[in-house]
Amino acid sequence: MAEPMKIRATLQGDVADVRILMLHPMETGQRKDAKGEIVPLHFIQSVVVTHNGKTVLDTQWSQAVSRNPFLGLRVKGAKAGDKIGVTWVDNKGDKRTDEVTVTPAS
Amino acid sequence: MGKACLKWTMLSSLALIFAGCATYPDPATTRQMTEKMVSEDFTAPTPALLKRLVQDRSQTICSRIGDAKLTQEEAAEVVKLARASIQYPASGKLVGDWKIGDNLAHDGAGDRIQGGRLEKRKENGGLCQNCHALAPGEINVGNVGPSLTGYGLLRGNSEAIAKLTYERIYNAWAYSPCSNMPRLGATRHLTPEQITHMVAYLLDPQSPINKR
Amino acid sequence: MPTTRGGIAAILLACLAVGGAAPALAQADDPLGVGRKMLAEDNPGELWIERGKSLFYQKRGPRNASLEQCDFGMGPGKLEGATARLPRYFPDTDKVQDLESRLLTCMVQLQGFNRDDVVKRAISRPASDGSDVEALALYITSRSNGMKMNVSLSHQKEYDMYKAGEYLFYRRSGQTDFACVQCHGEANKRIRLQDLIHMTDQKGVQEVVSTWPAYRGAHFVVRTMQWRLYDCFWQMRLPELKYASDTSIALITYLHYQGNGAVISVPGFKR
Amino acid sequence: MNISRRTFLKLTGGAGAFAAAFAAGLVASGQAWAATWNKAGFESKALVDVMRSLGATEAVESKDIIITAPDIAENGAVVPVAITSKLPNTQQISIVAEKNPFPLAATFDISGGSEGYVSARIKMGQTSDVWAVVKADGKYFTARKEVKVTVGGCG
């Protein structure tokens with residue numbers, strides 16, 4: 001069910017400005033649905049960002065990160081064509097990996 | 001800015017002229033056609049609730065398109081209807097409990113219709129916070145209406161002021177015909193008792209609205 | 001009688017008002033501005049565009065058809081610039097239609113969906129995956145990104161709808177005595193902290209017509225213009241506006257024509 | 001207190017729920033990556049406990065940490081927070097919303113290849129200080145900024 005992320009990686013000098021949008025409910029386990037039933041806790045626990053395969057950011061999240069999360073970071077020593085990979089894993093074991101190439105500043 | 005604006009006006013008028021044969025319907029035709037739409041395009045859980053869409057005489061007068069001005073006769077009629085609408089609480093007391101008024105002023109819910117259901121509440125909120133600045137330092141307040149901060153400090157809390165305040169909340173159009181202020185008592189959004197609490201909230205020296 | 005001449009006068013007056021008004025844009029000392037900018041820069045609404053695209057080209061519904069034959073006014077399947085000219089008159093339905101009512105026509109006629117079913121689901125619940133119509137409306141509008149709104153009133157029915165929309169914009173009713181103009185007729189106004197767009201001003205109305213569908217932060221889904229109008233009537237304590245009704249299309253025609261020249265940029269981001 | 005505020009508090013979660021979810025095994029702690037997930041920190045209800053879980057009890061305030069966040073957040077469910085650390089060899093950044101039921105929102109471990117900068121969006125139940133806790137060159141530093149939360153959407 002995990003849907004593709006939207007990743008932008010744009011070169012600014014030798015730094016890649018990386019912006020990641022993910023579709024995820026980030027449920028706190030407290031919200032009730034339309035039928036009045038509690039929606040179980042369901043949130044992304046970890047996001048790992050790689051640059052040409054090498055981990056540059058390893059995150060741990062709680063359910064306090066907003067629904068449809070955003071993550072921004074800056075990767076040093078990048079050049080156009082480099083690969084930026086992103087993988088998230090949630091508390092139910094669902095995961096999703098997407099990859100983009102770094103584009104020159106427009 | 002001004003230049004761009006003029007250009008835009010000219011383009012628009014050109015478009016209208018080039019359109020040639022098409023002309024706007026006269027206001028009476030537009031009214032008839034649009035009122036028919038309104039009568040067909042809304043749903044409500046009960047026929048009584050659907051009647052909310054029907055305009056009363058004052059609303060009809062106050063629905064002026066664009067910058068059209070009220071005539072003196074129209075303004076006088078709206079004021080007269082407004083004056084006649086005002087009812088006072090059974091107790092005769094116009095100043096209630098400011099603490100209840102404080103809650104009401106910050107309550108924006110009640111009486112909305114969604115998913116085929118009417119929002120059920122013991123009473124409607126007063127909606128004040130939506131449009132008016134209230135106690136000093138409050139951030140989450142609107143500015144569609146004038147600031148009410150220090151309302152009582154500026155005016156005192158004489159009987160005359162209490163009566164004026166009550167009437168302005170009950171039916172603002174008695175004093176400012178067709179203003180943006182809802183006729184909260186006259187449209188039955190609030191009860192006379194609720195309005196007395198809001199009067200207290202505005203006038204009582206202990207009320208947060210009158211703190212410096 | 002305010003025929004063509006009155007129309008021009010109204011536009012001129014609106015223009016004069018623009019000249020004197022300060023722009024209601026975020027200023028440096030705006031305590032809300034930082035957050036608004038940060039949120040708008042990375043808009044989760046973009047995640048819905050791909051979904052809308054695949055829904056558009058997928059064979060769906062009882063007739064197992066895609067929407068590729070749907071004519072939004074530029075010819076079957078031609079989407080570039082189509083929403084920039086909506087609402088417009090369509091001879092096949094003999095009606096003025098906005099994007100969403102036209103989409104509905106195609107989903108019913110081409111794909112065989114039941115109209116009531118689509119309408120029932122059109123506006124999604126907050127914090128849900130959103131509806132098909134929301135994703136489709138966003139995708140179709142995104143194909144006009146960068147283009148200017150250019151609604152015409154060349155057909156008599158388009159004129160009629162425009163005038164009906166204007167009438168509705170100023171029509172007061174219900175227990176709040178509100179019409180649209182009570183909240184949207186002046187510059188720099190807010191309901192609580194929320195900015196109210198000044199729609200009798202060219203810049204204001206242009207912002208409205210060029211930024212829907214939009215991601216609504218508080219709802220976590222993409223919302224459309226039909227939802228925007230529905231929600232206004234809800235807050236006004238009025239009965240529920242029917243999806244894709246003539247009343248909604250009239251208001252949209254009025255606003256979109258006023259907003260001609262605005263550059264479409266969707267998804268918008270609303271608080 | 002209006003309806004949307006109550007709804008929001010539900011969104012941000014009551015104190016017991018998270019721990020209960022752990023007990024019920026809803027949080028898949030068996031996964032390999034979960035070994036590094038700071039369970040104690042994310043379950044902490046007070047700032048001091050969060051700091052202890054991070055090993056940051058000796059942290060000192062630093063002017064080289066910049067928190068970019070709104071003075072007033074219009075929607076507590078989506079509060080944008082960006083942290084920039086100019087401290088040499090920044091290794092880790094945590095975002096903590098002091099008055100949340102569970103204050104620790106996120107921890108970012110930074111490897112050699114990325115700058116001392118992260119940007120994210122968090123839920124906040126009420127007006128609160130937002131803390132940045134930064135580990136740089138083995139030592140801990142903090143900065144904080146108040147974010148006022150007004151919950152709109154009703155009325």
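Buried area is the accessible area, taken with a 1.4 Å probe, that two parts lose on being put together, summed over both. Three residues of chain C, namely C:Arg172, C:Gln175 and C:Arg237, supply 13% of the area that chain C buries against chain B, more than any other three residues.

A few ground rules come before the details. Residues are numbered from 1 along each chain as its sequence is written, while chains are lettered from A and ligands numbered from 1 in the order in which they are written. Because the model is predicted, local features need pLDDT of at least 70 and side-chain atom pairs count only at pLDDT 80 or more, whereas totals for chains, interfaces and linings use all residues; side-chain values use heavy atoms, with hydrogens and water left out.

Residue by residue, the confidence is given as pLDDT, which runs from 0 to 100. Chain C averages 90, and 89% of its residues score at least 70. Residues 1-28 of chain C fall below 50, and this stretch has 29 contacts in the model beyond near neighbours in sequence, a contact being heavy atoms within 4.5 Å. For chain B the average is 91, again with 89% of the residues at 70 or above; here residues 1-20 are below 50, and the stretch has 23 contacts beyond near neighbours in sequence. Where pLDDT is low, the predicted coordinates should not be read in detail.

Back at the interface, 61 residues of chain C meet 67 residues of chain B. A polar contact is a pair of N or O atoms within 3.5 Å; within protein, one must be able to donate a hydrogen and the other to accept it, and residues adjacent in sequence count only if both atoms are side-chain atoms. The rule finds 35 residue pairs in polar contact across this interface, both partners being at pLDDT 80 or more. Helices (H or I, at least four residues) and strands (E, at least two) are DSSP runs numbered from the N terminus, and several of them in chain C each supply at least two residues to the side that touches chain B, including helix H1 (4-20), helix H9 (202-210) and helix H11 (246-258). Helix H7 of chain C gives the most, with ten residues. By class, this side of chain C has 28 nonpolar, 18 polar and 15 charged residues, where Ala, Val, Leu, Ile, Met, Phe, Trp, Tyr, Cys and Pro count as nonpolar, Asp, Glu, Lys and Arg as charged, and the others, Gly among them, as polar.

Salt bridges (a side-chain nitrogen of Lys or Arg within 4 Å of a carboxyl oxygen of Asp or Glu) number two between chain C and chain B. In one salt bridge, B:Glu35 meets C:Arg171 at 2.8 Å, N to O. The two chains also share strand pairing, which calls for at least two bridges found by DSSP: strand S1 of chain B (residues 42-43) runs antiparallel to S7 of chain C, joined by two bridges, and B:Phe42 stands opposite C:Leu241.

Inside chain C, C:Thr200 sits in the loop between strand S4 (194-196) and H9. Its side chain makes a polar contact of 3.1 Å with the side chain of C:His198, and a polar atom of the C:Thr200 side chain lies 3.4 Å from the backbone oxygen of C:Gly185. Chain C also has a cis peptide bond between C:Leu86 and C:Pro87, with omega about 0 degrees, and another from C:Val266 to C:Pro267.

Chain A has zero helices and seven strands, and its C-alpha trace spans about 50 × 25 × 20 Å along its principal axes. A:Asp17 and A:Arg74 form a salt bridge, with the closest N and O atoms 4.0 Å apart. A:Asp17 lies in strand S2 and A:Arg74 in strand S5, so the pair ties together parts that are 57 residues apart in sequence.

In chain D, strand S9 (residues 139-149) pairs antiparallel with strand S8 (residues 128-136) through nine bridges. The two form a hairpin with two residues between them, and D:Asp137 in the turn has a positive phi of about 55 degrees. Strand S1 of chain D runs parallel to S9, joined by two bridges.

How values were computed. pLDDT is the predictor's confidence in each residue, from 0 to 100.
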